[in-house]
Amino acid sequence: MKRIIQKVAVLGSGIMGSRIACHLANVGIESLLLDIVPKEVTPAEEAKGLTLKDKSVRNRIVNDALQSTLKSNPSPIYSKSFSSRITTGNFDDDFEKIKDADWIIEVVVERLDIKKIIFDKVERFRKPGSLVSSNTSGIPIQLMSAGRSDDFRKHFLGTHFFNPPRYLQLLEIIPTVDTDPEITAFFLEFGDKFLGKTTVLAKDTPAFIANRVGIYAIMELFHQVKEMGLSVEEVDKLTGPVIGRPKSATFRTCDVVGLDTLVHVSNGLNSALQSDERRETFALPDFIQHMIDNQWLGSKTGQGFYKKVKNEDGSSEILSLNLETLDYQSQKRAKFATLELTKTIDDVKDRFPILVKGKDKAGEFYRKSFGSLFAYVSHRIPEISDELFRIDAGMRAGFGWSHGPFEIWDAIGIEKGIELAEAGGFPVADWVKELKNNNITSFYAVEDTIQQYYDTTKKAHVPTPGMEGIVILDNLRKTKTVWKNKECEVQDLGDGILNIEFRSKMNSMGSGVLAGINKGIELAEENFRGVVIGNQGANFSVGANLAMVFMFAVEQEYDELNFAIKYFQDTMMRARYSKIPVVVAPHTMTLGGGCELTLHADAVQAAAETYTGLVEFGVGVIPGGGGTKELTRRSALRYEKDDVELNILRENFYRIAMAKVSTSAVEAFEHGYLVKGRDFISMNKARQIADAKRLAITLAEQGYVMPKKDKFKVLGQQALGMFEVGIHQMLEGGYISQHEVKMAKKLAYVMAGGDLSSPTEVSEQYLLNLEREAFLSLCTEKKTLERIQHMLQKGKPLRN
């Protein structure tokens, strides 16, 4: 049966309910968001003469919840206009409207008795065949469907979103024994392709997959830090980006999420897991119980493992909790010799073997924590999942780990992992011990670029389900690379399409990357149909290589700098004017030069979470790789009859001057970085390269022809006058410094096309020359060099 989800009823408007409704709006789905009716009016309502009969009062809870969500930061919605896709109501007056919903999702408080009451009403009003699910994070799914009609039970399952739904990719799908397998398969595909989620099939066991493993790992760490005498700062240093985990690591994450939330799940697991071999791990250590008793829950109560205070001199300081004395103290810098050994290793998976060999406390920590984790997940097969890859997917998508437990184990080596586990007193499951007898040396394998995992029932590697149509560049690297240098690789994606992948630090665009772009296009023009420029790093690109700019400027090698900037500009123009279609696939941070490359593509296949903008003003220069030229050109092309040309130009001027970065691909369209009808969005980042490949093929098959180099109009003195007034007002108002005035005037001169007496048609090269001259002149400024040096010292990307 073909299913189309056009409308969803979201029952419960709390933190999760409102955010789920917002994410549904993000993908174009209308939703009905319902909650309870208030029991009494507020003083403000009473003063207005309102009663419990007034609609505004009856919908106050749901409306307040939604408005609070829409105001939250980071935003749960791609564009404010999308909120019109959400209709609000209440359980008493509007419940019958769920009859129009294709999917009904329950997101009320975590109490089975209340959920049963809600599902009683759902059973009364839903249309036969409509999908029903619960977002519970721990209540057994089977208990909620017990005793209901056959049609209800057939169409009912768990759909567990992680908070915040827009940003965390995990969606656990938990069928019951009565769920129609077709419904389960539908949600796995719908969540993946339409909601942009990593959908993970989970069994109906306590906390399902990600929370079961994630909470175990955190609780095991809580017990371990006391035994090893590690500080809060040391643990966060050891469990953050160095092992591919979020910057908030462990204790900062607990403060953000709320210690009470973590403890609630852990207590639930401790109670429910009577036969878990590591059940005692879920018991609370004394210091955690002390924090709960004192309401040291994290950000929500003002203190947790960290506490922000004001010193006597008025300065702010973030203190950390001493886990021995339970007093707050100034933070001490954490440093370990083992971590120093990994500083030159960019690929996280290559760090794991080094970390477990460390001879200091860090090495001991990793051996114990990884050994414990490996043993625990080995025993969860087949309890929480029949397939090991689902556990890894859950941890990556739900907890932000770059590598799941079995992937880390592979990086260290199966035999070494068994050794670590047994040394710590954590025996692994028998099926792992049997791998050696079956000549299996890894949990994962790649066969002819196809991702495979070890199937414990077939005792062999088999293709990973759900990977059809997904391109994993790491799997192509060995056999499909046609050219490479230290910063860039060109791979054959098949079907006549090449991919140009940045491999530099933070995917910054230096000479190696630029050479790769030129070479990739050259190869494609000779023997292929099109090019994709995409990667699967943490960010698409943080922009140009600032170190190179700084070096040339400090040494006053202005001819070299001029050549380097012209090479950058020429490369952008090469992307635009080639014999084959060039599709750029930006994602996450796509800043400065990364944005400029996007602006010059034939088409763009952007990930939904693309944060792009021309941010060069942040370091004291204007966009010099064609960005200033391109926004000026787009201003001219956007002009419509009876509009004021200066308005459009002014918008783009401020976009550059304010270093405006879009907060989503949708907003990138609104800002003019992406073009409607030409550029597209991939909801699921995992499918982005494949989507970009299809777009390149489409352009080629439509008979791609290189664009014609047309001239466009610049406004000269007319625009300069407008810019001068605005700059003066900003200075007088104290919004910008004298140096920023100089920067703004340089930008204005370029975007006006120079001091022309009247509007004039000019070529792209004319404006590129002005852009490059302005960029070079600003590089001679002391303030600019100071800003660049500060950025380099902090190791921060070029951003506002």
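In this predicted model, the buried residues of helix H28 are Leu646, Ile648, Leu649, Asn652, Phe653, Arg655 and Ile656. Their cover includes helix H27 (627-638), helix H29 (665-671), helix H31 (717-732) and helix H32 (738-752). H28 itself runs over residues 645-657, which is 13 residues. From its first C-alpha to its last it reaches 19 Å, close to the 18 Å expected at 1.5 Å a residue.

What follows H28? Ala659 follows H28, and its phi is positive, near 50°. Ala659 lies in the loop between H28 and H29. Ala659 counts as buried because its relative accessible area is 5%, and the cut-off for buried is under 20%.

**Packing of H32 with H33**

H32, one of the helices that cover H28, also packs on helix H33 (residues 764-779). The angle is about 170° and the axes are 9 Å apart. H32 is therefore roughly antiparallel to H33, since angles over 145 degrees count as such. On the H32 side the contact is made by Met743, Lys746, Tyr749 and Val750. On the H33 side Leu767, Leu770, Glu771, Ala774, Ser777 and Leu778 take part. Sorted by class, the contact of H32 with H33 has seven nonpolar, one polar and two charged residues.

**Backbone exceptions**

Most residues other than glycine have a negative phi, and most peptide bonds are trans. The table gives sites that depart from this pattern.

| Site | Feature | Value |
|---|---|---|
| Asn73 and Pro74 | cis peptide bond | omega about 5° |
| Asn163 to Pro164 | cis peptide bond | omega near 0° |
| Lys459 | positive phi | phi near 55° |
| Ala659 | positive phi | phi near 50° |

Pro74 lies in the loop between helix H4 (60-71) and strand E3 (86-90). Pro164 is in the loop between strand E6 (156-161) and strand E7 (170-175). Lys459 is found in the loop between strand E13 (450-455) and strand E14 (460-463). Lys459 counts as partly exposed, with a relative accessibility of 40%, whereas Ala659 is buried.

Apart from residues up to four places away in sequence, Ser372 touches Tyr216, Glu220 and Phe426.

Ala217 is found in helix H10 (residues 210-228). Leaving aside neighbours within four places in sequence, Ala217 is in contact with Leu373 and Trp401. Ala217 and Phe282 are 65 residues apart along the chain, and 9.8 Å separates their C-alpha atoms.

Ile117 sits in helix H6 (residues 112-125). Ile117 counts as exposed because its relative accessible area is 52%, and the cut-off is over 50%. Ile117 and Leu171 are 54 residues apart in sequence, with 25 Å from C-alpha to C-alpha.

**The chain as a whole**

The chain has 34 helices and 25 strands. Of its 800 residues, 55% count as buried. Its C-alpha trace spans about 80 × 75 × 70 Å along the principal axes. The radius of gyration is 28 Å, which agrees with the value near 28 Å for a compact globule of 800 residues. Among contacts with a sequence separation of 6 or more, 69% are between residues 24 or more positions apart.

Methods: Residues numbered from 1 in each chain as written. Predicted model: local features only at pLDDT ≥ 70, side-chain atom pairs only at ≥ 80, totals over all residues. Heavy atoms only, no water. Helix = DSSP H or I, 4+ residues; strand = E, 2+ residues; numbered from the N terminus. Expected span 1.5 Å × (residues − 1). Buried < 20%, exposed > 50% of the residue type's maximum accessible area, 1.4 Å probe, protein only. Contact = heavy atoms within 4.5 Å. Axes fitted to C-alpha atoms, helices over the stretch in contact; angles between N-to-C directions. Parallel < 35°, antiparallel > 145°, perpendicular 65-115°, else oblique. Nonpolar A, V, L, I, M, F, W, Y, C, P; charged D, E, K, R; others polar. Rg over C-alpha atoms; globule rule 2.2 N^0.38 Å.
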